[in-house]
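Hi,

Here is the structure I promised to pass on.

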Amino acid sequence: MDRIAPGDWYRVQRLADDISLIDEPFIVPFYRCNIWHVRGRERDLLVDSGMGVVSLRAHVPLVTEKTCVAVASHTHFDHIGCHHEFGQCLVHAAEAKILRHPTRVNTLIEPFVSDDIFTGLPPAPYESRAYNVKGVAAPGLIGDGDVIDLGDRQFTVIHTPGHSPGGIALFEAATGVLISGDIVYDGPLIDEGEGIDRGAYAASLRHLLTLPVSVVHGGHFPSYGGARHRQIIEDWLRRYEAEG
């Protein structure tokens, strides 16, 4: 498998509402994290940061144009790889210890990362068997109901345990934009396995179903609208309730 040059590793797509999608196109779609950048008047917002195999700050100029607050939707390896590059990092208290001291086990690297998750390998000296993410020395803590203020935009933190204990989503009431992390997206939801609580998952989805959502930017796969948001959640809850 070919090695990819650092300058080619990331892809940036500018969407509506001053929101941009940054992703790593040489990771297969199931493992490819959506990195969301939101432009604000006083500061910018970055939600998740990919695997960290190539520096975001060195190769994506968008994230260095202003002070940028980096939020972790949760602390699985594919979402926090470059958080250490940002001076202000925020994480839910339930997963702060992991962000400070990530390991191959507590970030789920051990069961999932191999060369098979790539269509082109990261630049040398990357090796899947040695891969880890770097910790953040002093992350700030966020919790349910907190507001992240960008000056002209305000995102409310919603604690969404289930996929992981400290999972969060961000909701902008003024626009109906939901940045959902891995609790819900338009693809196969990971609702079983290490660290997953299906009862909490159901409660989180019921909460998200009450929001007046216009568009969802998920942790994986393409964005979608409010009707699809409701359908995904209602279908999941129907299956969950049928299982008893």
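Below is what I found, taken one part at a time.

Before anything else, keep in mind that this is a predicted model.

Let's start with the sheet. Six strands make up an open sheet, running in the order β8-β9-β10-β11-β12-β13, and their pairing is mixed. The edges are held by β8 (147-149) and β13 (224-225); each has a single partner strand, so one side of each has no neighbour in the sheet. For β8, the pairing with β9 (residues 154-159) is antiparallel and runs over three bridges.

Next, Asp182, which sits in the loop between β11 (177-181) and α5 (198-209). This residue is buried but has no salt bridge. Arg32 is the nearest side chain of opposite charge, and it is 13 Å away, whereas a salt bridge needs the charged atoms within 4 Å. So what does the side chain of Asp182 make polar contacts with? One is with the side chain of His74, at 3.2 Å, and another, of 3.3 Å, joins it to the side chain of His220. Setting aside neighbours within four places in sequence, Asp182 is in contact with His74, His79, His163, Tyr201, Gly219 and His220.

Last, Ala5, in the segment before β1 (11-14). Ala5 counts as partly exposed because its relative accessibility is 38%. Its C-alpha atom is 36 Å from that of Ile196, which is 191 residues away along the chain.

Cheers

Technical notes. Residues are numbered from 1 along each chain as its sequence is written. This is a predicted model: local features need pLDDT of at least 70, side-chain atom pairs count only at pLDDT 80 or more; totals for chains, interfaces and linings use all residues. Side-chain values use heavy atoms; hydrogens and water are left out. Helices (H or I, at least four residues) and strands (E, at least two) are DSSP runs, numbered from the N terminus. Buried means under 20% relative accessible area, exposed over 50%, partly exposed in between (1.4 Å probe, protein chains only). Two strands pair if DSSP finds at least two bridges between them. Lys and Arg count as positive and Asp and Glu as negative; His and the chain ends are not counted. A polar contact is a pair of N or O atoms within 3.5 Å; within protein, one must be able to donate a hydrogen and the other to accept it, and residues adjacent in sequence count only if both atoms are side-chain atoms. Contact means heavy atoms within 4.5 Å.
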